[in-house]
Amino acid sequence: MIGDALRMALGTLTALPVPAPRTIDRRVAGGAMLLAPLAAVPLAVLAGLVVLAGDALGLPAIAVAGLAVGAVGLASRGLHLDGLADTADGLGASFDRERALEIMRRGDSGPTGVATLVLVLIVQCGALSGAISAGHGVTAATAGTLVSRWVLALCCTRGVPSARPDGLGATVAGSIRLPWTVATLCAAAGFATLAPGLEWWRGPVAVAAAVAAAGLVLWRCTTRLGGITGDVLGACVEIAAATAWLALAP
């Protein structure tokens with residue numbers, strides 16, 4: 001089961017070529033979301049290496065931040081960025097739930113989605129560049145990438161419904177029991193105290209801020225759309241990343 005869960009996490013959240021899971025059921029889906037931070041380790045390492053290379057070449061902090069954010073986006077096939085844009089389009093479409101979900105399903109980005117995507121990317125790059133200028137860019141790049149994937153446990157906690165009867169959201173919605181969600185988020189806060197180059201409390205604050213921001217997005221989507229979809233998960237990841245980098249920027 002763990003092997004299938006890890007393959008599902010890697011295959012869903014990264015562009016790494018991995019074999020397909022032999023079985024996908026509720027246990028495997030829940031395990032995949034719990035293992036999301038582990039699957040994101042290659043992305044975090046990539047972000048850190050880009051920042052290191054940018055520092056070594058003497059590139060401007062904002063350019064390095066843009067390259068790091070872009071590298072993570074490409075290494076995850078733009079999945080979460082697309083989810084953010086589609087979710088924004090759905091939420092901004094109308095008060096009709098079915099129409100909103102249909103707009104999200106189309107896959108093309110409207111003005112609301114594009115504007116939201118640009119705004120969030122500006123915030124991500126600006127916040128990460130602040131951390132780079134402050135001298136802890138590598139830590140911020142890696143920690144923000146990992147923390148943003150850690151919030152997926154919250155999004156898939158038992159009691160969070162799926163907005164549709166099919167799709168990724170239906171597979172993972174409610175697949176994680178609350179004690180496991182609490183345990184994995186506490187683990188994130190615990191690991192964050194060890195973040196090099198930061199005061200011990202800065203990492204946990206970034207985790208708490210990211211979880212709170214993702215929780216607000218999750219609440220809005222469940223009340224407006226009736227549950228989560230794969231796009232909603234992507235939106236939560238990108239908002240969590242922006243929030244974590246803001247918390248680590250000074």
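**Helices in a predicted model**

Colleague: What share of the 250 residues in the protein is buried?
Modeller: The model is predicted. A residue counts as buried when its relative accessible area is under 20%. Of the 250 residues in the protein, the buried ones make up 50%.

Colleague: How many helices and how many strands does the protein have?
Modeller: Read along the sequence, the pattern is α-α-α-α-α-α-α-α-α-α-α-α-α-α. The count for the protein is zero strands and 14 helices.

Colleague: Why is the protein described as being as compact as a globular protein of that length?
Modeller: Along its principal axes the C-alpha trace spans about 50 × 40 × 35 Å. For 250 residues the globule rule gives 18 Å, and the protein is as compact as a globular protein of that length because its radius of gyration is close to that, at 17 Å.

Colleague: Is α8 roughly parallel or roughly antiparallel to α14?
Modeller: Helix α8 covers residues 111–133 and helix α14 covers residues 230–248. Their axes lie 8 Å apart, at an angle of about 30°. Angles under 35 degrees count as roughly parallel. Therefore α8 and α14 are roughly parallel.

Colleague: Does α8 pass α14 in a left-handed or a right-handed crossing, and which residues make the contact?
Modeller: The crossing of α8 and α14 is left-handed. From α8 the contact uses Val120, Val123, Gln124, Ala127, Leu128 and Ala131. From α14 the contact uses Glu238, Ile239, Ala241, Ala242, Trp245, Leu246 and Leu248.

Colleague: How many nonpolar residues are in the contact of α8 with α14?
Modeller: Sorted by class, this contact has one charged residue and one polar residue. The nonpolar residues in it number eleven.

Key
Residues are numbered from 1 along each chain as its sequence is written. This is a predicted model: local features need pLDDT of at least 70, side-chain atom pairs count only at pLDDT 80 or more; totals for chains, interfaces and linings use all residues. Side-chain values use heavy atoms; hydrogens and water are left out. Axes are lines fitted to C-alpha atoms, for helices over the stretch in contact, and angles run from 0 to 180 degrees between N-to-C directions. Helices (H or I, at least four residues) and strands (E, at least two) are DSSP runs, numbered from the N terminus. Angles under 35 degrees count as roughly parallel, over 145 as roughly antiparallel, 65 to 115 as roughly perpendicular and the rest as oblique. A crossing is left-handed if the near helix is turned anticlockwise from the far one by less than a right angle, and right-handed if clockwise. Contact means heavy atoms within 4.5 Å. Ala, Val, Leu, Ile, Met, Phe, Trp, Tyr, Cys and Pro count as nonpolar, Asp, Glu, Lys and Arg as charged, and the others, Gly among them, as polar. The radius of gyration is taken over C-alpha atoms; the globule rule is 2.2 Å times the number of residues to the power 0.38. Buried means under 20% relative accessible area, exposed over 50%, partly exposed in between (1.4 Å probe, protein chains only).
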